[in-house]
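Work through the exercises below with the model open. Try each task before you read its solution.

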Amino acid sequence: MSAEAQAQERARAYFQSKGALAPSVIREQIVAAFGALDIVLASVPPERVARRPSPDEWSVGEVVDHLVETYRPGVDELRCLLAGQRPPGAPIPAALQSKAPLLRPWSWLLDELRRAHRDVVDLIAGVPADFETDARVPLVMVVNVTGADGTVRPLHWVEEIDWKAYAIASWRLHAIDHMKQVRKTLAALP
């Protein structure tokens, strides 16, 4: 089996394992990820927000802009799923950003991110423990895969997932992944 197929199978197995989680547990895990991300973002010196470690990498401000831009439609998709409906339209693009991410004020970005976090947590807090739906959503999955030559590259594909996997991927894993990116970005800045 190729490295790509193995990565896809691991992702599917991970999401399947989350299917038995209670909504309250999913909420707790997301709250913890949001809290950890907030702590890291609160430590970012304002003068470093717009600085890129290299021309082809995002600044911290661009990372937060990306989170805000993906969380907005993500909240709408979650609402659809919790109403038992497939969200209309195409999946949210993996590298979505605003048109001018570096022109958005840092305090505004943080406020918008916290607002989106509250919306997600509130939505999931309202899910009954016995809630079930067959509704699925297409999600652009991105995982790093090591090729035969030893180089690491991102693998993208669209996966149809249920609301629990969507919540875990879109908010818990997404927040953790970009928290790591922010840390790496800050460490790489001179």
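This is a predicted model: local features need pLDDT of at least 70, side-chain atom pairs count only at pLDDT 80 or more; totals for chains, interfaces and linings use all residues.

Residues are numbered from 1 along each chain as its sequence is written, and side-chain values use heavy atoms, with hydrogens and water left out.

**Exercise 1.** Describe the course of helix α3 (residues 60–82).

Solution. Start with the span. Helix α3 has 23 residues and reaches 32 Å from its first C-alpha to its last. That is close to the 33 Å expected at 1.5 Å a residue (1.5 Å times one less than the number of residues). Next, find the bend (the angle between axes fitted to the seven residues ending at a residue and the seven starting there). α3 bends by about 25 degrees at Tyr71, and Pro73 follows within four residues. Last, look just past the helix: Gly84 has a positive phi of about 80 degrees.

**Exercise 2.** Is His117 buried or exposed?

Solution. Locate His117 in helix α4. Its relative accessibility is 5%, so His117 counts as buried (buried is under 20% relative accessible area, exposed over 50%, with a 1.4 Å probe and protein chains only). Then list its contacts (heavy atoms within 4.5 Å). Leaving aside neighbours within four places in sequence, His117 touches Phe34, Leu37, Asp38 and Tyr71.

**Exercise 3.** Which residues are in contact with Leu41, leaving aside its neighbours within four places in sequence?

Solution. The partners are Val60, Val64, Trp106, Leu110, Leu113 and Val182.

Definitions and conventions:
Helices (H or I, at least four residues) and strands (E, at least two) are DSSP runs, numbered from the N terminus.
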